[in-house]
Amino acid sequence: MKFALIGNPNVGKSLIFNQLTGIGVEISNFPGTTVDMLSGNVCYQKERLELIDFPGIYSLEGSTEEEEQVRAYLRKNDIDALIVVLDATKLERNLYLLIQAAEYKIPLINVVNIADEAEKSGIIIDYEKLSSILGCKVIPTVAVAGKNIDRIIPAAMQDAVVIDPGVPYGKHIEAGVRSLVKITGCSRMDALLALQGIGEDKDLMEAAETIASEIEEDHQMSPHQIIATNRHNEADRIASEVIESDGAGSKRLSFDIDSLLTRVIPGVPILAAVLFFTLLAVFIIGSFLEETIVGLFEVYIIEPMYSLGLSPFWEKMAFSFLIAVEAGLGIAFPFVFTFYILVSILEDSGYMTRGAFLADRAMHRIGMHGQALIPMILGFGCNVPAIMSIRQLSKRERIIASFLITMVPCSARTVIIAGIVAVFIGITAAFSIYLLVFVLIILTGLVLTRFAPGERYGMILEMAPLRKPRADQTLKRAWLHMKEFLFIAMPLLLVSSVFLGMLDYYGILAEFQRLFAPFMEQVLGLPDYASTALIFGIFRKEMAFETLAVLAGTADLGAVMAASQLYIFAVVSVLFVPCISTIAVLYREMGLKIAAMVSLYTLSLGMIFGALLNAIFKIL
Amino acid sequence: MDQSDREDYLEAVIMHSAEGRGAETLNFLSGLMDRDADQIGADLRVLEKEGDLVIEEGGSISLTEEGRSTGESVLKKHRILECFFTEMLGMDPDTASKEACEIEHAASEATVNKIGNLLSGSGVRCRGRRHGPGFVETHFPKKECRFDVIDDFSEGDILKVVGMRHGPGGGRRLIDLGIIPGEEIRIVRRLPGRSVLVSVKGSEVAISPEIAGRVVVEKLPDTDSL
């Protein structure tokens, strides 16, 4: 049997999922998308059941990717029972989704979670009455305490029923539905969706469009608005029948903290401090862990490989492969994973949505809105997951975000700044590079706002409730971000590293270096081998630094290059061309044109600033 | 002079109170109508002959009863049409004003009144206001008519959603979150950048200024209930 959990974001659905399923949870994507769908197994009375956890959604008739995927999945009709999870503190709004889900005629049960918080804030729900109004099983739960969770699976197996909420949609909509059913022979469900502009059948959609525009003319409201309003009214009616507010303690627990977090003062300074300390923590923890991992790797893997006595070609290949694995591990776990754990804590605590609200205005200036703050922050870990998370934005904002996120100094670039500038020049110089990059990001945003095509959408974002983050949830979320790094960026790293090793082996890199030497020396004031290091940087940003050390013949770069040269090298490699994984993801998400434009733009930015700095240093 | 020119003159005289301006009348009208003073003088004499206005000694003009009622009727038609274009059809104010200027002469008062009834029937109230910064006086100054949106109110206000103006994006999400006509919402926070946090159906939703500027609302008297 196959069950699925469905509900609004932040209703504690995932928590319930984690408690119901044991080990062996599989995170898979909806086919052809990046929308995560968790599926796990539950054993009950020696029977093995499959449980799916859909992403949190507000509606089954929206146009976001999550909503579309869940809708598509439900329509496949192979789910035996739907477990609809509602938030007791926001029962009315949550009933709206239940009413929509009921239209799919899948047997279902109701789980009303967060029952304790609702009670604390004076919302008394008559669960039996709710059950009799809806005509299905209702289980009040407190997932954080594990209360009543054990009743869910037995209920889903025995008590799940198809319910008919019988929402009155008005005679025009009903007439429209009837005639669509008659004309095309579709189901009532298909007709309702088609009237709202959702569906694939061409004949049906054409007929629906005609009827929809007639209805809209008569009512000054689109069918979607009419249907949604009727559902909300129904939800309101049900909620008012089953909820009895005792009026006591109607203020939410998080009220006081919240009123501080969403004000400009002290909200904005808090936001700045949170972001700064997150980055600082990653910087410190990351550098420490990286040294350990790289050190161990050198001693126990790289060195033994050399002692195998492979032929020069295979030795080169093995080295290229291992160095990629080493760098992947050296970056992935110390920097990327640490970063994503911290970010996940911010997301889970509900703080991130407040940050997005506060940043809305500032993000507008650079052509986006508050919701784009989260992808921008993810970019500090690795640009790849960051770019994958911009799908929720509008086309115009995605274009702007592609440019800006690619410029955000990711973990690998942090390694360059830390390893070259902070070590050999000083911490102030390191921060000046961050400053330069931030200024360039803002300027780029200001310019793109004027030129990017398309309409600007605004932010509509529900504030997640402030909650104490839980370790298991946080780890899972961090893993979801991390997964994109491991499965998309890492394979590219390995392939490109081996490819580069081959180029090197056949002497092509040396040719290349000779070709670019004059440019390097004249314009950027860098030694000729710097061009090779920069090329390696395209494959993996931090490799620019490692290669430089290898080619310079010493790890003490301060001894072979002047401070100004190191600074220029760092600036150029941080700015110029995103790494190959980022380009690949840009290509996949945004198409060839944007990927090429972003690469070209950052390339020229790096070169121009390198040349500019060189000119300035010469005068000084 | 054709009828629409005549109506334009009378409309402009009423709207900018061009009566009793003495010697500067010609220059004043010339600035408004984008025609040279000689032409204006000639036109005014034609209007006088038709009985719409009287040119007094010293150059002042005053409208006759007929002239005034014609001008007022045209002005009213313009306001209703423009309001209809911006608020119901979601056209941008400049185009709306320009189109209204054309149609006001052709459409009958009865027809335009019907549009007016439709507007008030859907809860749209038109009123002139906001001659703030960014206001450019062109041939005909923008006769702004708009109705209240979330963006017009401040922290703590309790509002009732009346409707939604057309615009890009976000419509469905707002509806799904419960921001629908008839719903009561409260502004929890309003940042200096005009992003707002509203409380609706027990949750708090952050909304960007451009979207908050499209949700038509009316203010409810303060109560402690919400």
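1. A polar contact here is a pair of N or O atoms within 3.5 Å; within protein, one of the two must be able to donate a hydrogen and the other to accept it. With that in hand, the count between chain A and chain B comes to 15 residue pairs in polar contact, both residues of each pair being at pLDDT 80 or more. Do keep in mind, as you read on, that this is a predicted model.

2. As for the extent of the interface, 40 residues of chain A are in contact with 32 residues of chain B. The two chains bury about 3,300 Å² between them, and 58% of this lies on carbon and sulfur atoms. Arg93(A), Phe357(A) and Ile460(A) deserve a look: they supply 21% of the area that chain A buries against chain B, more than any other three residues.

3. Now to the charged pairs. Two salt bridges are found across the interface of chain A and chain B. In one salt bridge, the side chain of Lys201(B) meets that of Glu92(A), at 2.3 Å from N to O.

4. Within β6(B), Val205(B) is the bridge partner of Glu462(A).

How values were computed
Residues are numbered from 1 along each chain as its sequence is written. Chains are lettered from A and ligands numbered from 1 in the order in which they are written. This is a predicted model: local features need pLDDT of at least 70, side-chain atom pairs count only at pLDDT 80 or more; totals for chains, interfaces and linings use all residues. Side-chain values use heavy atoms; hydrogens and water are left out. Contact means heavy atoms within 4.5 Å. Buried area is the accessible area (1.4 Å probe) that two parts lose on being put together, summed over both. A salt bridge is a side-chain nitrogen of Lys or Arg within 4 Å of a carboxyl oxygen of Asp or Glu. A polar contact is a pair of N or O atoms within 3.5 Å; within protein, one must be able to donate a hydrogen and the other to accept it, and residues adjacent in sequence count only if both atoms are side-chain atoms. Two strands pair if DSSP finds at least two bridges between them. Helices (H or I, at least four residues) and strands (E, at least two) are DSSP runs, numbered from the N terminus.
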